[in-house]
Amino acid sequence: MKRITMNEIAKAAGVSKNTVSLALRNDPQLPEHTRQRIQKLADEMGYQLNPVIGQLMAQLRASNSPDTPQATLALINGNTDPEAFKKHPTIPAYVEGCKRRAHKRGYGLDYFWLHDPELNGERLNRILKARGIRGILIVGMMNSNRLPSQFNATWEQYPAVVTGVRTRQPALSFASTDHHIVAMRALERAIALGYQRPALVLDHVIDELVEGRFSSGYTIAQRNLPRKNHLPTYSEIVRPQGDLTGFSKWLEAEKPDVILTLYNRVRSDLEKLGYECPEDIGLIQLEWRKDQPEWAGMNQHNDIVGEAAVDMVISMIHNNERGVPDFPRATLISGTWVDGQTVRPRKASD
């Protein structure tokens with residue numbers, strides 16, 4: 001397939017090749033509207049950055065001696081489910097963003113499963129070296145923020161970025177939605193709709209995985225309510241199937257008028273207990289998904305998180321950075337509110 005050149009974009013845009021180069025690097029020397037016009041035109045024409053040239057130019061600008069340039073990244077499934085990239089409710093969005101951004105930047109992706117019983121650190125390193133892979137993306141860690149120790153040598157030899165969570169032992173650079181802001185903005189929107197007794201339903205394991213950022217955002221946003229309306233989080237999510245006794249008692253005791261949650265089953269649980277949504281209790285999904293558009297909630301933009309992770313690891317490659325960083329970097333993506341049928345404006349008399 002013919003590769004579109006900067007000269008062709010320049011001719012189509014009626015500008016110089018240097019202007020195109022500045023626009024594609026989002027250089028502030030150009031007015032924003034000029035950059036956006038050229039970037040849009042480049043996308044429409046199917047322009048892809050040549051990863052070889054991109055790496056060489058970045059190294060020259062940094063006055064570094066160039067290594068052999070490469071054009072492949074490893075995309076590692078960090079979930080315990082080998083099919084998580086396809087079957088998980090949210091992980092495919094991260095993968096979509098990684099694929100889209102890698103393609104745009106001229107990189108291919110090779111796929112691995114971190115929990116493959118036939119894969120250990122030594123074997124993974126041999127494969128990465130044989131395939132000429134120079135950077136690693138880790139996607140799908142939903143149960144733990146600690147990477148298997150058998151791969152410690154891998155993280156020392158390659159630039160690596162994690163999506164979704166901040167890892168420990170080792171702590172790698174990561175891209176994630178801003179869970180704190182997601183919870184805070186969701187509760188602020190609930191209050192703006194007139195809800196007075198909002199509550200958070202969240203498994204403590206998930207909250208611990210993101211280092212308490214959901215609960216901290218929720219707690220801070222509660223300051224906009226009278227103290228008597230500061231409801232405790234319900235965290236007994238893991239329970240025998242069909243046993244709603246604890247949930248029912250909590251509802252009767254706290255009387256929430258809207259619930260913020262990550263779990264779609266909360267809606268069916270409420271219906272089983274005789275509550276109607278949103279007439280009796282509103283629902284706000286903290287991880288809104290396109291396949292359930294009737295929900296109101298926060299779009300975490302996990303695909304944009306995936307894109308950000310790719311940009312981070314390519315930057316590390318260009319700057320010859322590898323190994324566990326002394327000061328891990330974080331890119332946080334803000335969520336946005338999506339209107340839906342699971343909430344409604346409430347009057348003071350409701």
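In which handedness of crossing does α9 pass α11? The crossing is right-handed, a term used when the near helix is turned clockwise from the far one by less than a right angle. This is a predicted model, in which local features need pLDDT of at least 70 and side-chain atom pairs count only at pLDDT 80 or more, while totals for chains, interfaces and linings use all residues. Residues are numbered from 1 along each chain as its sequence is written, and side-chain values use heavy atoms, without hydrogens and water.

Helices (H or I, at least four residues) and strands (E, at least two) are DSSP runs, numbered from the N terminus. The axes of α9 (residues 179-192) and α11 (residues 213-221) come within 7 Å and cross at roughly 35°. Axes are lines fitted to C-alpha atoms, for helices over the stretch in contact, and angles run from 0 to 180 degrees between N-to-C directions. The contact (heavy atoms within 4.5 Å) includes Val-182 and Leu-187 of α9 and Phe-214 and Ile-220 of α11.

Strands of a sheet pair through backbone hydrogen bonds, either parallel or antiparallel. Here 6 strands form an open sheet with parallel pairing, in the order β2-β1-β3-β4-β5-β10; two strands pair if DSSP finds at least two bridges between them. Strand β5 (residues 173-177) is joined to β10 by 4 bridges, and Phe-174 has Ala-330 as its bridge partner in β10.

Helices also pack on this sheet. Helix α7 (residues 121-130) touches β1, β2 and β3. Helix α14 (residues 302-318) touches β1, β3, β4, β5 and β10, and its direction makes about 160° with that of β5.
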